[in-house]
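Work through the exercises below with the sequence and the structure open. Each task is followed by a solution in steps.

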Amino acid sequence: FASFLRRPLAAGMPRLAAALAALCSLGSLPGRGVQACTTLVAARGATADGSVMAAHSNDGSGDVAANLERVPAASWTLPQQRAVSGGSIPQVKHTLAYFKKVGGYASMNEHQVGLAESTCAGVFTGNRSAAKLNVVDLSALGLERARTAREAVLTMGALAESFGYYDDAESLLVIDPTEAFIFHVLPDDTGASAIWIAQRVPEDHVGVVANSFTVRVVDFGKAGLFLFSENMRLVAQRNGRWHPGEPFDFTRIFAGPEPGRKYYSGRRMWAAFGRLAPAAAKDLSPDYVNYVTSVPYPATLPSKHVNLTDMMETMRNYYQDTKFDMRDGMAAGPFGTPDRVFAGKGNKEVAGSWERTIATQKSILSYVLVARPLLPSPVGGVEWLGMHAAHTTLYVPFPLGMLSPQGLQVPLPEGYTTNDLNRVGRGVGAVNAARFVFNTAQLRFDAAIEDVKEGQRLWEQDKGMQLLKRTEEDYLNGKVNLTGLTSRFRDHAVEAVAAWWEMSDQILLKRERRTKIVIVPADRNCPSAQSVRALRGPAALTPCAAAPHRGC
């Protein structure tokens, strides 16, 4: 957008109209930049209902259409090999059913073990010729073979050590109905094995990982709190990164620099803690000297009463009502969009950078996983899946009963299995439904986002959560079997996608009729950002830069 502002305007095209056209056309292009993900976790003592929750956004290049897949449970005749990205490893006798994204990460298995991934930076580089596994392999193997979060951590760690890990440094938040762990893994210094650690999230805490390691000083005397590879201290010592007697700060020892640019990871941690643990986070600063060495944030903070909506809204965060609010400033345009797009060569020509928010148009998908100890897994474990940008998508529930042999008899909704960016799939595809809402909202974001929020409340809280509650009761009372359960949630997903396609049409029609621009003469001041947002009406205003006449 900065490079656009320096370009001459087309003849007869007003600057404001040209700016809007540029923003809208850019908003429809695939995002580019650092591939990254934000993850959240809440242990059972920190949640309102005693559930354990984790959330993940897959923020890649934005040019991939996500699709959901069910991997069924299976029994195997041994000995047999299991294919992995770098070859094969021995298969086990029985593997569990789980949800995964086609070509991507496994998310939750039939025993309510769930994973949330975030790529990090590490000090060692993998060697694919000497190692067999990447993080996609580990996520699938962990969910295929583990009935608890602790078992998944130990399984992934042991496999990475034994068969080698060649991928980037990675973090996986690992949950089940009673425990949660922050798992970090990276290649070792030989390239043929791995270093890993897992910190148990305290029962009344929440945690955030945003593309940088977060596990800090390891207490080797608390075996239940920390799990780790046997080689961890040896590798650190022989590379001069740690000496016996010193605190063993895992992040300081094994993390690479904060990826992308300063505040790329830390700002998201600060914002997420502020939303999920406001009392404990009140004294945290958004600023720091160096993420790795300054230790600006802990891995976890105490919290209470976190609910599912809190997790969803944190994934939708673009620093609202803070000094970093992306709706403010000239780059937000006349209608306060928080979204920034890659500006081609201008990104390198202009000093500085946009804030990296939790919600982003680069998202391929995001989800919130819920594991509940007081309910059987078919209704206790739920993946709430949203396609594309979290702030303009719908989270739709997929309970684990859909993984059962009976549930597998009912196909998943087409809108979550056949998405293709080369085909619109109007009225059917969940990915393009979300993309259309995102793009039409850019026409008048300040007003359109209120319509989007109303639709999210209707379909997530009034419809999705209520459907889940009714189905729990019916399942426990024998009024619905697993085939019927799957049919209910398939039908709900189909209806939700259709409603979101309708949302994009309604935004387009309403905004076309209601948009107004107020011109403020040069000798008058523009209103503050706070007063702008208080208006929220057809004539809402936006601050602007000085000019002979200023469009506000």
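**Exercises on strands, rings, cysteines and cores**

In strand β17, the bridge partner of Val52 is Ala371. The model is predicted: local features need pLDDT of at least 70, side-chain atom pairs count only at pLDDT 80 or more, and totals for chains, interfaces and linings use all residues. Residues are numbered from 1 along each chain as its sequence is written, and side-chain values use heavy atoms, with hydrogens and water left out.

**Exercise 1.** Describe the pairing and burial of strand β2.

Solution. Strands are DSSP runs of E with at least two residues, helices are runs of H or I with at least four, and both are numbered from the N terminus. Two strands pair if DSSP finds at least two bridges between them.

- Step 1: β2 pairs with strand β17 (residues 363-371) in the antiparallel sense, over eight bridges.
- Step 2: Strand β1 (residues 39-42) also pairs with β2 in the antiparallel sense, over four bridges. Here Val41 has Ala54 as its bridge partner in β2.
- Step 3: In a regular strand the side chains alternate between the two faces of the sheet. Val52, Ala54, His56 and Asn58 point one way from β2, and Met53, Ala55, Ser57 and Asp59 point the other way.
- Step 4: Eight of the eight residues of β2 (52-59) are buried, where buried means under 20% relative accessible area, exposed over 50%, and partly exposed in between (1.4 Å probe, protein chains only).

**Exercise 2.** Classify the aromatic pairs Phe183 with Trp196 and Phe398 with Tyr416.

Solution. Rings of Phe, Tyr and Trp (its six-membered ring) pair if their centres lie within 6.5 Å; planes under 30 degrees apart count as stacked, over 60 as edge-to-face and the rest as tilted.

- Step 1: The search of the whole structure finds 16 aromatic pairs.
- Step 2: Phe183 and Trp196 have ring centres 5.9 Å apart and planes at 35°, so this pair is tilted. Phe183 lies in strand β12 (residues 180-187) and Trp196 in strand β13 (residues 194-200), 13 residues apart. Both Phe183 and Trp196 are buried.
- Step 3: Phe398 and Tyr416 are edge-to-face, at 5.1 Å centre to centre and 70° between the planes. Phe398 is in strand β19 (residues 396-399), while Tyr416 is in the loop between β19 and α13 (430-441), 18 residues apart. Both Phe398 and Tyr416 are buried.

**Exercise 3.** How many disulfides are there?

Solution. A disulfide is a pair of cysteine sulfur atoms within 2.5 Å.

- Step 1: The count comes to zero disulfides.
- Step 2: For Cys37, the nearest cysteine sulfur is that of Cys120, 9.4 Å away.
- Step 3: Cys37 is buried at a relative accessible area of 3%, and Cys120 counts as buried at 7%.

**Exercise 4.** Which residues have the most contacts inside the largest nonpolar core?

Solution. A nonpolar core is a set of buried Ala, Val, Leu, Ile, Met, Phe, Trp, Tyr and Cys residues joined through side-chain atoms within 4.5 Å.

- Step 1: The largest core has 113 residues, and those with the most contacts inside it are Phe250, Phe254, Phe398 and Tyr416.
- Step 2: Helix α15 (residues 482-514) gives the most to this core, with nine residues.
- Step 3: Apart from this core lies another, of 31 residues, including Tyr98 and Leu172.
- Step 4: Beyond its neighbours within four places in sequence, Phe250 is in contact (heavy atoms within 4.5 Å) with residues including His184, Ile195, Phe213 and Met232.
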